[in-house]
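This report describes selected side-chain and interface geometry in a protein model.

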Amino acid sequence: MLPTKTTPQKQNLADLTVLVYGRSKIGKSTWCSHSDGALFLATEPGLNALDVYQVPIRSWDELLTACGEIAEGKHPFKTVIIDTIDNAYRMCSDYICTKFKIEHESDLGYGKGWALINNEFHRVLTKMAFMPYGLFLVSHSVEKEIETRTGKYTRIVPTLPDKARKIVVGMVDLILYCDLEAVTDEEGKTSYRRVMRTKPSPHYEAGDRTGRLPETIDLDFSKFTEVFNRPAAAPKAGVSRPISAPGDSRDKKPVPAGK
Amino acid sequence: MGATTTTTYSMWSLFRNCRKACEWRYIHDLVPLEQDHNLAFGTVIHQCLEVWHGNGNLESVLDRIDRTYPNRNQDYAQKRDWHLAVAMMKGYASRYATEEFDVVSLEKTFDGKIINPATGASSRSFVLAGRVDGIVRTGDEHYLLEHKTASQVDADYLERLWTDFQIVLYSRYVEQVLGIRIAGVLYNILVKARLQQGRGENEAEYQARRAALIAKSKTRKTSAKRKLPESDDAFQERLAAKYAEPGMFHREMLYISRDRFETLQAELWELTQAFLDARRRGVFYQNTAFCFHYRRPCAYFPLCRSDGSPNVIDNLYRKVPPHEELRDEASVNEASTF
């Protein structure tokens, strides 16, 4: 049971657990669709314009069934994409409410309903993350007012409820925030390019445990894999650098999030 | 941490409850990005009480509250806290218009040595610092004044005051450092009213309620009218009536046993030795019984659950130097996490 050697660092993007979030129609699903052996577990419509393998998921039971089949391994897929994880969480909530014959999570009292949902959500995501496939979780973005010890400011975060968001953030290797970046040409005209932000900021959530990615990268899967597959820099370990304070001039403020 | 490290009761208490949480806070300097609402409100009331016991002027207290919640007309949470703070302090000023004690000192900070009870030698690694809400005199005796805000005061709450490790420890140090003999502690407890300002109902909510009442009525009629939002004045009146009730403020005077001093001194020394050992070996283990100690997750629960994921640290926490409670007015908003 006990290991005799250390596990090597994951080299393949399709081995990682990734959270991709951003405003509607920015290209999150398109980006994910280019991953190696992509299979979409589509919990909401929106993939019509994409030529992809997809399983429509209408309930948590259907998600569990699909996961069971994926775990059997009799398929060619290498990356599982839950699009969106927000809807999957709602399905998990409905599943628990039905199971315990309640109308609302709060009906069980003392936060028990919420705890049951989060435990089930955590259990399934952990199991999926341990499967030998990449796991991409897609979420929308929302602006959240953060009340800190020194004041309030707005931050862009995935649309998941607070506790579910903390579960997902703690589980993933990469948090990629899809954003628009203003670019001004020589004539002073401003245009926007679609980018992914990979490092944490007071203004949005992002993160890169592999340490391979630049702070900002085009929202283009081929460019992303090119950078990711370059000889690795030292990966992040233990306690990382502190976040600079809001208003720090080094932090690029993003375009406000779409719903 | 340097050669002689300043420590506080909060640190030792956290170390005793969960070493892992203590490591996150006092070795890695991490605090949750988002402020705990209850602690923030308690800090505001502490500031108000400092002003009230300092000058006895209610106007300056209310002005302080107004300045603390500048966006109350746009922000529901600020307005709720503003209402509660105003009613609480008006009620307090009315209840304790005259006091039976004289204020000797307010928000007094101190620091002192930690002594090895076996040898009498002081620690070369740690000193203990703290801040007491006040020192008051009644007759010939001095007491520590300790403010507390609570959601309710029941028998368990009052029983627990006897186990307050912090205040006994602070009494000891105040005696040593300031040369004042402390006879006991005056706990000054303010209860948070659970009243909510009526938000009224919109037309759709009213029609739905009306339809439900008609469906239940044998005559198929109802005299129900649409509920309008409760005005600020009406809500303040309701809160004032609540704060006129005897149970909303409570004072408990406890005398300190001299024997307890020696026991706590020895316990504190043991904690310092255990901390040094944990730091030397780099082992701060988790006490999972503490994860939901206050019926809510510990501030570091997401961090422990993710095995210290850098993504969690970077996105949900920030670095703040320890012992915020010792800092002056400029940073008083930065209340301790625990």
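In which helix of chain B do D63(B) and R67(B) both lie, and how many residues apart are they? Both belong to helix α4 (residues 58-68) of chain B, four residues apart, about one turn of the helix.

## Basis of the model

This is a predicted model, in which local features need pLDDT of at least 70 and side-chain atom pairs count only at pLDDT 80 or more, while totals for chains, interfaces and linings use all residues; side-chain values use heavy atoms, with hydrogens and water left out. Residues are numbered from 1 along each chain as its sequence is written, and chains are lettered from A and ligands numbered from 1 in the order in which they are written.

## Overall features of chain A

Chain A has six helices and 10 strands; these are DSSP runs, numbered from the N terminus, with helices being H or I of at least four residues and strands E of at least two. Of its 259 residues, 49% are buried (under 20% relative accessible area; exposed means over 50%, partly exposed in between, with a 1.4 Å probe and protein chains only). Among the contacts in chain A with a separation of 6 or more, 64% are made by residues 24 or more positions apart, a contact being heavy atoms within 4.5 Å.

## Salt bridges within helices

Over all chains, the whole structure contains 32 salt bridges, each defined as a side-chain nitrogen of Lys or Arg within 4 Å of a carboxyl oxygen of Asp or Glu. Side chains of opposite charge can pair when their charged atoms come close. In chain B, the side chains of D63(B) and R67(B) form such a bridge at 3.2 Å, N to O. D63(B) is partly exposed at a relative accessible area of 37%, whereas R67(B) is exposed at 56%.

In chain A, helix α4 (residues 112-130) holds both E120(A) and R123(A), three residues apart, about one turn of the helix. Their side chains meet in a salt bridge of 3.1 Å, N to O. E120(A) is buried, with a relative accessible area of 10%, while R123(A) is partly exposed at 41%.

## The surroundings of R165(A)

R165(A) is located in helix α5 (residues 162-171) of chain A. D162(A) lies in that helix too, three residues from R165(A), about one turn of the helix. The two form a salt bridge whose closest N and O atoms are 2.7 Å apart. D162(A) is partly exposed at 32% relative accessibility, but R165(A) is buried at 4%.

Beyond its neighbours within four places in sequence, R165(A) is in contact with K144(A), V157(A), P158(A), L160(A), E205(A), E34(B) and L316(B). This list includes residues of chain B, E34(B) and L316(B).

## The interface between the chains

Contacts between the chains involve 29 residues of chain B and 37 residues of chain A. Together the chains bury about 2700 Å², 51% of it on carbon and sulfur atoms; buried area is the accessible area (1.4 Å probe) that two parts lose on being put together, summed over both. N311(B), D314(B) and N315(B) supply 23% of the area that chain B buries against chain A, more than any other three residues.

How many salt bridges are counted between chain B and chain A? The count is one. K144(A) and E34(B) meet through their side chains in a salt bridge of 2.8 Å, N to O.

## Aromatic rings and charges

The structure holds 25 aromatic pairs over all chains. Rings of Phe, Tyr and Trp (its six-membered ring) pair if their centres lie within 6.5 Å, with planes under 30 degrees apart counted as stacked, over 60 as edge-to-face and the rest as tilted. F275(B) and F284(B) make an edge-to-face pair, 5.8 Å centre to centre with 70 degrees between the planes. Both are buried, F275(B) at a relative accessible area of 0% and F284(B) at 7%. In chain A, ring pairs link W31(A), F136(A), F221(A), F224(A) and F228(A) into a cluster.

The charged end of R25(B) sits over the ring of Y26(B), 5.5 Å from its centre; this requires NZ of Lys or CZ of Arg within 6 Å of the ring centre and within 35 degrees of the ring normal. R199(B) lies over the face of Y76(B), at 4.1 Å from the ring centre.
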